[in-house]
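Please read this briefing alongside the sequence and the structure shown below.

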Amino acid sequence: MGSVRILGIESSCDETAASVVTDGHRVLSSVVASQMATHGKYGGVVPELASREHLRAIVPVVREALSESGTRLEDLAAIAATVGPGLVGSLLVGLTYAKSLSFASGVPLIAVNHVEGHIHAVVLEASRDGLAVEYPALALVVSGGHTHLFEVRAGFAYRLLGKTRDDAAGEAFDKVGKLLGYGYPGGPVIDRLAPYGDPQAVRFTFAKMKGNALDFSFSGLKTAVLRWVESRDMAAEIAARRALLREHSDPTTEQWLEATPRATLGLLASFQHAVIDELLKRAAAAAEQMGARCLIVSGGVACNAGLRAAAVAARLAYPVYFPSPGLSTDNAAMIAAAAFPKLARGEFAGLDIAAQANLTLA
Ligand code: KG4
Ligand code: ZN
């Protein structure tokens with residue numbers, strides 16, 4: 001097969017993204033229109049607003065990805081779109097547009113699972129850099145919507161090993177961030193402030209899990225943070241941070257530090273430490289159980305500097321791969337990359353394929 005170009009389209013949550021990737025690893029363009037400004041003031045993604053923003057962005061975003069890469073529709077081997085999981089109204093916008101482009105151009109459509117896309121963000125960069133990902137691999141997908149452990153076998157067959165029973169790890173970051181007045185999303189701000197606090201300041205204990213020992217739970221941690229906050233008089237400091245956020249839509253680390261007393265920095269550092277510990281502990285157990293040759297960490301929370309450092313410090317017996325930050329959070333290059341092996345296998349989707357909000361992998 002000569003060089004093949006795939007257009008990827010992603011709209012499962014709050015970013016509208018399009019990308020052109022050749023041979024599964026050369027990213028010719030990757031355009032991401034974020035809706036952060038729209039949802040930030042509501043402290044989370046508002047589904048109705050997300051659909052409306054996707055509708056506004058989809059045509060210009062796809063056009064930009066094509067023109068930036070010098071691609072005409074007839075140059076494409078396939079058009080890949082996320083079919084799920086995600087917000088159904090959001091998924092529909094990207095998928096419907098992909099279908100209409102496919103119908104108009106005769107270029108085949110490929111349906112991609114968003115979670116598989118996150119895993120392929122790592123596969124893409126490894127093959128770009130000439131590194132061979134060895135299988136079976138363990139994939140830890142951690143984002144605002146997912147906290148999953150998958151066994152990935154050669155040829156991209158998946159087996160679910162564990163998942164969160166309640167909140168996703170990114171969701172826990174976002175809820176704590178919102179509670180403490182840091183706005184949405186909370187993950188990046190907490191990550192920036194955690195190094196300034198004492199990670200042992202607050203002791204969090206996790207309830208022992210019944211059933212699958214590889215499942216996660218973050219709701220107890222979130223509740224413990226809530227109790228900690230309620231047992232103190234924090235109203236004034238939280239109000240000051242909300243005011244800071246209204247004044248500067250994206251305050252600097254210095255501004256946040258000025259608005260964050262030492263005790264709160266300790267809480268943030270301890271919270272982040274507890275999340276990282278929980279993620280890596282279960283990942284290590286899963287890797288051992290399945291005999292993983294490497295660990296792939298992907299999804300928005302894979303941006304977390306503390307998580308990256310802890311994964312290195314753990315000195316695991318197998319390599320650990322993280323995507324570069326731009327490919328960790330939602331993007332369409334990972335969707336185009338995930339479609340590449342499907343193209344080789346002729347796994348095309350019909351134009352009648354429906355968006356699936358609760359689509360599972362494996
Ligand atoms: O993958 P993503 O863009 O969207 C979903 O599929 O959910 O992930 C977004 C999530 C948010 O919950 C955000 O708070 C979290 O990733 N996140 C982080 C960091 N950057 C993004 N969490 C912790 N530390 C970060 N540096
Ligand atoms: Zn995602």
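How many of the eight residues of helix H6 (residues 186-193) are buried? Six of the eight are buried, so defined when the relative accessible area is under 20% with a 1.4 Å probe and protein chains only. This is a predicted model, in which local features need pLDDT of at least 70, side-chain atom pairs count only at pLDDT 80 or more, and totals for chains, interfaces and linings use all residues. Residues are numbered from 1 along each chain as its sequence is written, chains are lettered from A and ligands numbered from 1 in the order in which they are written, and side-chain values use heavy atoms, with hydrogens and water left out.

**Helix H6**
- The buried residues of H6 are Gly-186, Gly-187, Val-189, Ile-190, Asp-191 and Leu-193.
- Their cover includes helix H5 (169-179), helix H9 (253-258), helix H10 (262-290) and helix H11 (305-313), where a helix is a DSSP run (H or I) of at least four residues, numbered from the N terminus.

**The zinc site**
- His-114 (NE2), His-118 (NE2) and Asp-330 (OD) coordinate the zinc ion (ligand 2) at 2.0 to 2.1 Å, donors being N, O and S atoms within 2.8 Å of the metal (3.2 Å for Na, K and Ca).
- Because His-114 lies in helix H4 (residues 114-128) and Asp-330 in the loop between helix H12 (325-328) and helix H13 (333-344), the pair ties together parts that are 216 residues apart in sequence.
- Both His-114 and Asp-330 are buried.

**Ser-69**
- Ser-69 is buried, with a relative accessible area of 12%, and its side chain reaches the backbone oxygen of Ala-65 at 2.8 Å.

How values were computed
Helices (H or I, at least four residues) and strands (E, at least two) are DSSP runs, numbered from the N terminus. Buried means under 20% relative accessible area, exposed over 50%, partly exposed in between (1.4 Å probe, protein chains only). A polar contact is a pair of N or O atoms within 3.5 Å; within protein, one must be able to donate a hydrogen and the other to accept it, and residues adjacent in sequence count only if both atoms are side-chain atoms. Contact means heavy atoms within 4.5 Å.
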